Amino acid sequence: MSSSINYETTSQGRVRNSTYKCLLAIFKISSNGDVVDVRSRAAHPELENEAIRIVKTLPKFKLGEHKGKQVNVRYSLPIIFFIAE
């Protein structure tokens with residue numbers, strides 16, 4: 001995903017003229033490996049929607065297993081957005 005994002009960085013690796021917002025995307029990995037029940041909470045609805053969109057593009061995951069049975073797994077993914085000023 002990050003390979004499709006273009007931004008200019010400083011020598012310290014920071015994005016020029018930008019601030020950043022961090023949020024958590026919370027979702028479940030179903031017993032068949034699909035991403036389901038995606039939700040996010042952010043100060044700006046646009047960031048929430050973008051985080052949800054990004055998480056929904058994730059590929060299938062390896063199945064969760066507990067005591068030999070396939071199970072759903074809850075997952076939290078921190079996402080950092082750099083916002084140009």
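Where is the place of Lys67? Lys67 belongs to the loop between strand 3 and strand 4 (69-71); the legends below take up this residue and other local features.

The model is predicted, and local features need pLDDT of at least 70, side-chain atom pairs count only at pLDDT 80 or more, and totals for chains, interfaces and linings use all residues. Residues are numbered from 1 along each chain as its sequence is written, and side-chain values use heavy atoms, with hydrogens and water left out.

**View 1. Positive phi values at Lys67 and Asp37.** Lys67 has a phi near 55 degrees, a positive value in a residue other than glycine. Its relative accessible area of 76% makes Lys67 exposed (exposed means over 50%, buried under 20% and partly exposed in between, with a 1.4 Å probe and protein chains only). Asp37, also not a glycine, has a positive phi near 50 degrees. Asp37 lies in strand 2 (residues 35-41); strands (E, at least two residues) and helices (H or I, at least four) are DSSP runs numbered from the N terminus.

**View 2. The aromatic cluster of Phe27, Phe61 and Tyr75.** Rings of Phe, Tyr and Trp (its six-membered ring) pair if their centres lie within 6.5 Å; planes under 30 degrees apart count as stacked, over 60 as edge-to-face and the rest as tilted. By this rule there are 2 aromatic pairs. In the tilted pair of Phe27 and Phe61, the centres are 6.3 Å apart and the planes are at 45 degrees. Phe27 is in strand 1 (residues 18-29) and Phe61 in the loop between helix 1 (45-56) and strand 3 (64-66), so this pair ties together parts that are 34 residues apart in sequence. Phe27 is buried at 1% relative accessibility, whereas Phe61 is partly exposed at 29%. Phe27 and Tyr75 also form a tilted pair, with 5.4 Å centre to centre and 45 degrees between the planes. Because Tyr75 lies in strand 5 (residues 73-84) and Phe27 in strand 1, the parts tied together are 48 residues apart in sequence. Tyr75 is partly exposed, at 38% relative accessibility.

**View 3. The largest nonpolar core.** This core has 12 residues, among them Leu23, Ala25, Phe27, Val38 and Phe81. A nonpolar core is a set of buried Ala, Val, Leu, Ile, Met, Phe, Trp, Tyr and Cys residues joined through side-chain atoms within 4.5 Å. At least two core residues come from each of strand 1, helix 1 and strand 5, and helix 1 gives the most, with 5 residues.

**View 4. The surroundings of Ala25.** Neighbours within four places in sequence aside, Ala25 is in contact (heavy atoms within 4.5 Å) with residues including Arg39, Val55, Tyr75 and Ile79.
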